Amino acid sequence: MKQLTQIRTAFETAKKVYRNEIGVTEGSFLIAETGINRSSAFDYIYAYSKLRDGKLYTRTINSITTDYYLSKIYEENGVNGLKVALLAMSQHIDYYEQTSGASVKKGREIYNKYFDLVKDNFAETIFPDEV
């Protein structure tokens, strides 16, 4: 239960930072109040913005948080928002596997779970730099 509260707080706070409603430092303190260390709080904020923008994120967030973020992005931003997030996640998986030499099995499972929701529309993806 505590972990879900932490993840929800991280998501809502990262969303506020992304919308420029609060600053990154303030956001990291709000997330840290749930018991997450500040370094991880910055990672959660960073990952959210990269997922929303479809860009590579190099710091890893845990699989439960990744799954939650993707589900909420899909819920709040629809198919197009999820497609953009999956672009970022795909880049992250490739980056992590290349730099660490390790397989990202759980990350790929989560990616495939959400890709299945949008795969029929994926050819219509508009990349962030095309907007």
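Analyst: Start with a cut-off: angles under 35 degrees between axes count as roughly parallel. Keep in mind that this is a predicted model.

User: Why are helix 3 and helix 4 called roughly parallel to each other?

Analyst: The axes of helix 3 (residues 38-53) and helix 4 (residues 63-100) cross at roughly 30°. The cut-off is under 35 degrees. Helix 3 and helix 4 are therefore roughly parallel to each other. Their axes come within 9 Å. On the helix 3 side, the contact includes Tyr44, Tyr48 and Lys50. On the helix 4 side, it includes Tyr69, Ala85 and Ala88. By class, that contact has ten nonpolar, two polar and three charged residues.

User: Lys50 is in that contact. What makes Lys50 partly exposed?

Analyst: Lys50 lies in helix 3. Its relative accessible area is 21%. Buried means under 20%, and exposed means over 50%. Lys50 falls in between, so it is partly exposed. Leaving aside neighbours within four places in sequence, Lys50 is in contact with Lys55, Leu56, Tyr57 and Ala88.

User: How do you know whether Thr66 is buried or exposed?

Analyst: Thr66, in helix 4, has a relative accessible area of 5%. The limit for buried is under 20%. Thr66 is therefore buried. Not counting residues up to four places away in sequence, Thr66 touches Ile61, Met89 and Ile110.

User: What makes Phe11 and Tyr68 an edge-to-face pair?

Analyst: Two values decide it. The ring centres are 5.8 Å apart, and a pair needs centres within 6.5 Å. The planes stand at 85°, and over 60 degrees counts as edge-to-face. The pair links distant parts of the chain: Phe11 is in helix 1 and Tyr68 in helix 4, 57 residues apart. Both residues are buried.

User: And why is the pair of Tyr111 and Phe115 called stacked?

Analyst: The ring centres are 5.8 Å apart and the planes are at 15°, so the pair is stacked. The cut-off for stacked is under 30 degrees. Tyr111 and Phe115 both lie in helix 5, four residues apart, about one turn of the helix. Tyr111 counts as buried at 16% relative accessibility. Phe115 has 24% and is partly exposed.

User: How many aromatic pairs does the structure hold, and which residues form one aromatic cluster?

Analyst: The structure holds six aromatic pairs. Phe11, Tyr18, Tyr48, Tyr68 and Tyr69 form one aromatic cluster.

User: Where does the charged end of Arg38 sit?

Analyst: It sits over the ring of Phe29, 3.9 Å from the ring centre. The distance limit for that label is 6 Å.

User: What makes the phi of Asn20 worth a check?

Analyst: Most residues other than glycine have a negative phi. Asn20 is not a glycine, yet its phi is positive, about 60°. Asn20 is found in the loop between helix 1 (2-18) and helix 2 (24-32). Its relative accessible area is 68%. Exposed means over 50%, so Asn20 is exposed.

User: Last one. Why is Lys106 called partly exposed?

Analyst: Lys106 is in helix 5 (residues 105-118). Its relative accessible area is 47%. Exposed needs over 50% and buried under 20%. Lys106 is therefore partly exposed.

Key:
Residues are numbered from 1 along each chain as its sequence is written. This is a predicted model: local features need pLDDT of at least 70, side-chain atom pairs count only at pLDDT 80 or more; totals for chains, interfaces and linings use all residues. Side-chain values use heavy atoms; hydrogens and water are left out. Axes are lines fitted to C-alpha atoms, for helices over the stretch in contact, and angles run from 0 to 180 degrees between N-to-C directions. Helices (H or I, at least four residues) and strands (E, at least two) are DSSP runs, numbered from the N terminus. Angles under 35 degrees count as roughly parallel, over 145 as roughly antiparallel, 65 to 115 as roughly perpendicular and the rest as oblique. Contact means heavy atoms within 4.5 Å. Ala, Val, Leu, Ile, Met, Phe, Trp, Tyr, Cys and Pro count as nonpolar, Asp, Glu, Lys and Arg as charged, and the others, Gly among them, as polar. Buried means under 20% relative accessible area, exposed over 50%, partly exposed in between (1.4 Å probe, protein chains only). A charge sits over a ring if NZ of Lys or CZ of Arg is within 6 Å of the ring centre and within 35 degrees of the ring normal.
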